[in-house]
Amino acid sequence: MQGQPTEQSDLFIIGGGINGCGIARDAVGRGYSVTLAEMNDLASATSSASTKLFHGGLRYLEYFEFRLVHEALAEREVLLRAMPHIAWPMRFVLPYHPSMRFETDTPTSKLLSTVMPWMKGRRPAWLIRLGLFMYDHLDLGKRKILPGTARLDLTTAPEGAPLDDRFETAYEYSDAWVQDSRLVVLNARDAQARGARIMTRTKVLSAAREDGLWRIEVQDTDTGTTATHHARMLVNAGGPWVGDIIHDKVHLNVREGVRLVRGSHIVTRKLYDHDKCYFFQGTDGRIIFAIPYERDFTLIGTTDAEHTDPDQKPVCTPEEQSYLIAFANRYFKRDIRDEDVVWTYSGVRPLYDDGASSATAATRDYTIKVEGAGGAPMLNVFGGKITTYRRLAESALDKIDGALGRSTQKWTAGAAMPGGDFPVDGVAALISDLRASHPFLDDRWATRLVRTYGTDARDILGMSAGAEALGEAFGATLTAAEVDWLMDREYARTPDDVLWRRTKLGLSMPEAGLARLEDYMTARRAPG
Ligand SMILES: Cc1cc2nc3c(=O)[nH]c(=O)nc-3n(C[C@H](O)[C@H](O)[C@H](O)COP(=O)(O)OP(=O)(O)OC[C@H]3O[C@@H](n4cnc5c(N)ncnc54)[C@H](O)[C@@H]3O)c2cc1C
């Protein structure tokens with residue numbers, strides 16, 4: 001197919017995960033012209049496969065990752081206020097038992113085995129209390145919404161009921177939940193609303209410096225058509241492909257590397273009735289979470305496994321599934337079995353390679369490097385968390401300003417995401433307003449719409465007086481009006497985009513509905 005010349009931008013961003021879309025939004029809001037290319041759907045790689053927590057990372061304290069934990073803790077409430085529809089506070093219950101062990105190569109475990117060798121790698125209760133004290137205070141007073149740590153008597157508290165009787169005490173602390181793939185799409189939408197060009201299903205084939213600019217060749221992965229773009233600066237936010245882009249698409253000799261660590265989750269039907277999460281410590285020094293998920297389910301994860309090739313689609317292996325089941329079964333009274341697992345998903349962490357010996361120990365902090373400042377610069381992003389994406393974007397913009405000789409101002413801290421322009425405690429009011437204006441919605445449907453679209457839910461429903469006005473109903477409360485909105489406003493092209501990334505209705509969509517959705521979307525995409 002013939003290449004088509006296109007316009008020039010200040011920044012060309014490779015990758016439509018959280019880091020690429022976060023940088024695009026921040027940059028366009030500061031007056032840069034921005035083009036972003038994502039080779040699949042937005043958030044189709046790591047950014048839809050996370051545990052979905054805005055968290056400080058309690059376990060990172062054992063690795064002395066104080067910079068990361070401080071930044072992430074302080075960031076939680078900034079993010080909650082900007083997107084009260086797709087993110088909300090969560091309480092985590094951490095049952096304590098003296099048999100819990102450290103991973104052997106954490107700095108804390110090494111220190112403790114020197115000064116208290118008789119502990120033999122066990123995690124003492126005072127250390128957990130110390131860690132939680134630091135977790136409550138390392139944000140230096142930024143925590144206003146999230147309640148602090150508390151102690152629970154599991155023999156009487158309802159949170160003890162689903163757990164094995166040997167767990168008598170627990171500690172409870174706060175973090176937050178976020179719908180990760182929606183966060184990515186909302187960043188992309190906001191970036192586009194401010195003038196960015198967002199191209200999905202567009203793969204970067206190569207990029208080379210030419211007359212002080214970048215010349216970038218891209219291909220539409222649906223049609224095979226190629227096109228050429230020019231930019232003053234290239235941003236590599238390729239996640240697991242960051243090394244592939246450096247070495248195979250741009251042919252650069254860059255020292256930094258990425259370490260790919262797969263993490264898998266399993267989803268079961270709801271295992272317990274309350275709305276808190278569990279933080280389980282294993283006998284191998286690792287931890288996993290059990291989290292209430294999409295109203296009817298429980299999410300359990302994650303694992304840490306080396307993954308060598310970014311092009312190899314990550315899946316939850318039978319060994320990983322057995323590991324997670326056995327881990328959770330050491331805590332829950334009821335036995336979870338393979339038949340209870342209704343879905344699994346897996347993602348690859350693109351971690352900065354800091355030479356750590358184990359996948360669990362590799363740093364979760366990010367590193368941003370600019371290469372070739374002075375000519376046509378390139379910025380490479382290594383590592384990062386969903387939680388720190390906005391701060392990562394701010395750091396990237398500092399470097400972009402430096403490389404392009406501009407001085408711009410931070411602006412994203414107080415800026416609401418699309419649909420999130422309402423008070424942080426305003427979800428219940430929004431749900432009841434929506435039900436009042438559209439009485440055909442039941443609580444479940446209205447809650448889903450508000451938790452997915454926030455104030456944009458009104459636009460999707462329009463003036464509809466009854467459910468039939470929303471067009472074809474595919475099942476699980478998905479209607480043609482919502483699908484149209486997702487195709488027109490949120491870059492959705494396929495049923496997978498709608499059912500697994502814009503929503504999680506794939507968990508409850510009947511087979512017949514799926515087939516009709518496929519037909520509907522194909523017909524709507526057809527030209528003419
Ligand atoms: C199991 C697991 C659990 C996690 N849990 C949490 C958590 O609870 N909280 C938290 O804060 N963080 C968590 N993380 C970390 C977080 O998910 C990642 O750090 C983050 O999603 C990385 O985003 P990214 O944009 O760098 O990468 P990605 O989301 O992978 O995006 C990179 C994009 O680049 C695109 N791309 C690559 N090459 C090209 C090309 N040539 N042309 C065009 N596009 C290209 C890819 O298609 C991809 O979509 C978790 C990660 C994993 C794996």
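A residue counts as buried under 20% relative accessible area, as exposed over 50%, and as partly exposed in between. The legends below refer to a predicted model.

**Figure 1. Overall fold of the chain, with 14 helices and 20 strands.** Along the principal axes, the C-alpha atoms fill a box of roughly 70 × 60 × 45 Å. Buried residues account for 60% of the 528 residues. Of the contacts between residues at least 6 apart in sequence, 72% join residues at least 24 apart. The chain exposes about 21,100 Å², and 52% of this area comes from carbon and sulfur atoms.

**Figure 2. Charged side chains and their pairing.** The chain carries 64 positive and 71 negative side chains, with the centres of the two sets 4 Å apart. Side chains of opposite charge can pair when their charged atoms come close. The structure contains 46 salt bridges.

**Figure 3. Salt bridge between Arg-295 and Asp-443.** The closest N and O atoms of the two residues are 3.5 Å apart. Arg-295 sits in the loop between β13 (287–293) and β14 (297–301), and Asp-443 belongs to helix α10 (residues 443–453); the pair links distant parts of the chain, 148 residues apart. Arg-295 has 45% relative accessibility and therefore counts as partly exposed. Asp-443, at 35% relative accessibility, also counts as partly exposed.

**Figure 4. Salt bridge between Arg-406 and Asp-10.** The closest N and O atoms lie 3.2 Å apart. Because Arg-406 is in the loop between α8 (389–404) and α9 (427–437) and Asp-10 is in strand β1 (residues 4–14), the pair ties together parts that are 396 residues apart in sequence. Asp-10 is buried, with a relative accessible area of 10%, whereas Arg-406 is partly exposed at 31% relative accessibility.

**Figure 5. Salt bridge between Arg-189 and Glu-490.** The N to O distance between these side chains is 3.0 Å.

**Figure 6. A network of salt bridges.** The linked residues are Arg-67, Glu-71, Glu-75, Asp-365, Arg-390, Arg-391 and Glu-394.

Notes: Residues are numbered from 1 along each chain as its sequence is written. This is a predicted model: local features need pLDDT of at least 70, side-chain atom pairs count only at pLDDT 80 or more; totals for chains, interfaces and linings use all residues. Side-chain values use heavy atoms; hydrogens and water are left out. Helices (H or I, at least four residues) and strands (E, at least two) are DSSP runs, numbered from the N terminus. Buried means under 20% relative accessible area, exposed over 50%, partly exposed in between (1.4 Å probe, protein chains only). Contact means heavy atoms within 4.5 Å. Accessible areas come from the Shrake-Rupley method with a 1.4 Å probe; for residues, only the protein chains shown count as cover. Lys and Arg count as positive and Asp and Glu as negative; His and the chain ends are not counted. The place of a charge is taken as NZ of Lys, CZ of Arg, CG of Asp or CD of Glu. A salt bridge is a side-chain nitrogen of Lys or Arg within 4 Å of a carboxyl oxygen of Asp or Glu.
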